[in-house]
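Have a look at the model before reading on.

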Amino acid sequence: MEHAEDIEKWLSDAAQKIQEKDTSGAEKLYERILRIQSDHQDALISLGMLYVATGRGPLALKKLQESQKENPESSGPYRAIGTIIRISGHLGLGERFFLSKIDSAGPAKPFVMLSLAEIYAAMGQKEELIGQLKLLQEFPSTEPFSQALLWMEASVPEGMLKLASQQSGSLQKTLEGMAAEIQSDWEKAAQLYFEASRMGDPTWYSLTSLGALWLSSGHLDNCKRYLEVAEKEAPNVSELQLTRARYLAAQGYKEDARLLLQKIAESPGNFMRTKQIAKALLQQIASTPT
């Protein structure tokens with residue numbers, strides 16, 4: 001694809017500028033990418049999140065909707081809109097939007113369904129979530145790990161195992177581990193996560209889960225090593241940050257852990273299960289003597 005290498009470099013440069021608090025510079029790089037490829041998913045999501053972070057949430061949604069109208073059968077704008085709607089907390093709006101687009105999305109239909117399923121997961125509507133996931137079983141190659149997180153939210157091991165059987169490598173082992181975790185078979189889950197971590201391209205979920213297991217057994221250094229690798233792959237994922245918060249609390253940084261857990265618990269876009277775990281950990285920290 002023409003400009004592919006340039007786009008990868010601009011994405012990397014934009015991420016660096018955000019770390020340096022140069023939001024204007026990052027914004028210009030994302031806009032440069034979108035002038036070349038108006039439906040580029042990562043650029044759309046990153047620009048939208050940047051707009052929200054700088055108090056321009058409505059403008060972010062407007063721009064993303066314009067991109068969707070220009071690219072009605074492309075997955076990028078739909079996935080970006082879903083992300084921004086969840087971050088902004090307009091879940092009812094998101095449900096109506098994606099329901100209205102299912103029949104007109106063409107090849108992007110499974111991505112619309114996936115975005116709708118994520119909205120239901122954030123709303124805590126388990127029956128509707130499972131309904132969407134069953135429809136998505138026809139599309140096992142559509143962001144399979146995103147689907148796996150939703151099967152975990154739904155607590156349906158059969159759906160997870162069916163999805164796992166259609167994958168390979170570290171991803172397959174991770175999904176099998178997640179199914180074992182749903183069934184509370186922790187020994188089997190740990191073995192599968194370990195196998196996943198030893199393969200090429202280990203998933204951040206397997207690494208985070210192993211870090212959590214080390215933490216539970218009191219090996220903080222091992223937990224830290226796994227977390228650091230996982231965070232390079234998925235630095236802002238709330239499911240990972242739950243383990244980060246537990247690690248901070250174990251180190252004695254209870255206020256830092258509390259603030260992180262409170263942010264996870266109060267974020268409207270997080271899945272209900274994730275928010276409930278954060279709230280439970282908050283109660284544990286509050287009841288632990290300092």
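Which helix does Gln-241 lie in? Gln-241 sits in helix H15. Bear in mind that this is a predicted model. Gln-241 counts as buried because its relative accessible area is 13%, and buried means under 20%. Leaving aside residues up to four places away in sequence, Gln-241 touches Glu-231, Pro-235, Leu-260 and Ile-264.

Glu-231 brings us to helix H14, where it is one of the buried residues, along with Asn-222, Cys-223, Leu-227 and Ala-230. These residues end up on the same side of H14 because they cover an arc of only 160 degrees around the axis. They pack against helix H13 (204–216) and helix H15 (238–251). On the face turned away from that buried side, H14 carries the exposed Asp-221 and Lys-232. H14 itself runs over residues 220–233, 14 residues in total, and reaches 20 Å from first C-alpha to last, close to the 20 Å expected.

Now for the rings. Searching the whole structure turns up 6 aromatic pairs. One of them joins Phe-145 and Trp-204 edge-to-face, at 5.5 Å centre to centre with 75 degrees between the planes. Phe-145 is in helix H9 and Trp-204 in helix H13, so this pair ties together parts 59 residues apart in sequence.

| Arginine | Ring | Distance from ring centre |
|---|---|---|
| Arg-32 | Trp-10 | 5.0 Å |
| Arg-56 | Tyr-51 | 4.1 Å |

Key. Residues numbered from 1 in each chain as written. Predicted model: local features only at pLDDT ≥ 70, side-chain atom pairs only at ≥ 80, totals over all residues. Heavy atoms only, no water. Helix = DSSP H or I, 4+ residues; strand = E, 2+ residues; numbered from the N terminus. Expected span 1.5 Å × (residues − 1). Buried < 20%, exposed > 50% of the residue type's maximum accessible area, 1.4 Å probe, protein only. Arc of directions from axis to C-beta. Contact = heavy atoms within 4.5 Å. Phe/Tyr/Trp six-rings, centres within 6.5 Å; stacked < 30°, edge-to-face > 60°. Lys NZ or Arg CZ within 6 Å of the ring centre and 35° of its normal.
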